[in-house]
Amino acid sequence: MGRGKIEIKKIENPTNRQVTYPKRRAGIMKKAGELTVLCDAELSLIMFSSTGKFSEYCSPSTDTKTVYDRYQQVSGVNLWSAQYEKMQNTLNHLKEINHSLRREIRQRMGEDLEGLDIKELRGLEQNMDEALKLVRNRKYHGISTQTDTYKKKLKNSQETHKSLLRELETEEHAVYYVDEDPAGSYDGALALGNGTPYLYSFRTQPTQPNLQGMGYGSHDLRLA
């Protein structure tokens with residue numbers, strides 16, 4: 001049985017339409033390549049899917065722009081006139097904006113004030129006042145932020161200084177007492193032989209966790 005004739009119409013099912021498109025596209029691209037080789041033709045093929053996906057084929061012996069230029073010469077249709085006119089209008093609009101901004105800058109610097117009436121001068125003065133307020137607020141905000149940062153740094157430095165002073169006082173605090181009967185020890189007998197009392201010293205147990213276990217316990221007695 002031969003292949004039945006397929007009615008050419010839009011495929012309503014979106015899934016079937018998306019599946020059919022790449023198959024048909026590949027077939028058209030293959031036919032375009034065969035036409036280029038068999039007939040030495042120069043052609044350019046551009047396709048956009050329903051989802052906006054772009055596909056293109058151009059003969060190896062030419063490029064798309066060359067094909068468009070030849071088409072314009074043969075058909076007499078200018079493909080770029082509308083786009084050129086649109087770009088020219090955009091350029092003119094940007095030039096007007098640039099000219100207006102430059103004139104406003106000169107006026108704010110006290111230049112190019114000729115031809116301005118009282119209303120325009122008052123509007124210019126009001127705009128300058130608002131701009132000055134904005135600049136001043138930004139400057140004050142920056143100064144306030146820097147001041148707060150320096151205050152925090154100063155407070156942290158003061159707390160660190162106080163903590164170091166407390167640790168220093170704890171380490172340097174020592175209690176001394178005189179042993180009334182030092183004869184029981186060798187060091188005590190030696191001290192009595194020299195005619196001097198035997199002094200003991202000990203340090204209190206530090207409260208800092210990082211200073212514990214350093215040999216400053218109640219048995220850390222030594223000759224003063």
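What share of the contacts in the chain between residues at least 6 apart in sequence join residues at least 24 apart? The share is 27%, where contact means heavy atoms within 4.5 Å.

This is a predicted model, in which local features need pLDDT of at least 70 and side-chain atom pairs count only at pLDDT 80 or more, while totals for chains, interfaces and linings use all residues. Residues are numbered from 1 along each chain as its sequence is written, and side-chain values use heavy atoms, with hydrogens and water left out.

**Figure 1. Overview of the chain, with five helices and five strands.** The order of elements along the sequence is α-β-β-α-α-α-β-α-β-β. Helices (H or I, at least four residues) and strands (E, at least two) are DSSP runs, numbered from the N terminus. Of the 224 residues, 11% count as buried; buried means under 20% relative accessible area, exposed over 50%, and partly exposed in between (1.4 Å probe, protein chains only). The chain exposes about 19000 Å², of which carbon and sulfur atoms supply 56%. Accessible areas come from the Shrake-Rupley method with a 1.4 Å probe, and for residues only the protein chains shown count as cover.

**Figure 2. The salt bridge between Arg70 and Glu42.** The closest N and O atoms of Arg70 and Glu42 are 2.6 Å apart. This pair links distant parts of the chain, 28 residues apart: Arg70 belongs to helix α2 (residues 64-75), and Glu42 to the loop between α1 (14-39) and β1 (44-48). Arg70 is partly exposed, at 48% relative accessible area, and Glu42 is also partly exposed, at 39%. A salt bridge is a side-chain nitrogen of Lys or Arg within 4 Å of a carboxyl oxygen of Asp or Glu. Side chains of opposite charge can pair when their charged atoms come close. The structure holds two salt bridges.

**Figure 3. The salt bridge between Lys65 and Asp69.** Here the closest N and O atoms are 3.0 Å apart. Lys65 and Asp69 are separated by about one helical turn, because they stand four residues apart in helix α2. Lys65 is exposed, with a relative accessible area of 53%, whereas Asp69 is partly exposed, with 24%.

Figure 4. Gln72 counts as buried, at 14% relative accessibility. With neighbours within four places in sequence left aside, Gln72 is in contact with Val77, Asn78, Leu79 and Trp80.

**Figure 5. Thr36 in helix α1, and Asp40 in the loop between α1 and β1.** Thr36 is buried, with a relative accessible area of 10%. Not counting residues up to four places away in sequence, Thr36 touches Ala41, Leu43, Tyr57, Ser59 and Pro60. The C-alpha atoms of Thr36 and Ser61 are separated by 9.2 Å, and these residues are 25 apart along the chain. Asp40 counts as exposed, at 65% relative accessibility. Although Asp40 is not a glycine, its phi is positive, at about 55°.

**Figure 6. The largest pocket, holding about 250 Å³ of space.** Its lining consists of Ile6, Glu7, Ile8, Lys9, Lys10, Ile11, Arg17, Thr20 and Arg24. By class, three lining residues are nonpolar, one is polar and five are charged. Ala, Val, Leu, Ile, Met, Phe, Trp, Tyr, Cys and Pro count as nonpolar, Asp, Glu, Lys and Arg as charged, and the others, Gly among them, as polar. On a 1 Å grid over the protein atoms alone, a pocket is an open set of points with protein on both sides within 12 Å along at least five of seven lines, and lining residues have an atom within 4 Å of a point. Grid points are joined across faces, edges and corners, and a volume is the space filled by probe spheres set on the points.

**Figure 7. The second largest pocket, holding about 150 Å³ of space.** Arg17, Gln18, Tyr21, Pro22, Arg25, Ser49, Ser50, Thr51 and Lys53 make up its lining. These residues divide into two nonpolar, four polar and three charged. Arg17 is named in this lining and in the lining of the largest pocket.

Technical notes: 1 Å grid on protein atoms, 1.4 Å probe; cavity = no way out; pocket = protein on both sides within 12 Å on 5 of 7 lines; lining within 4 Å.
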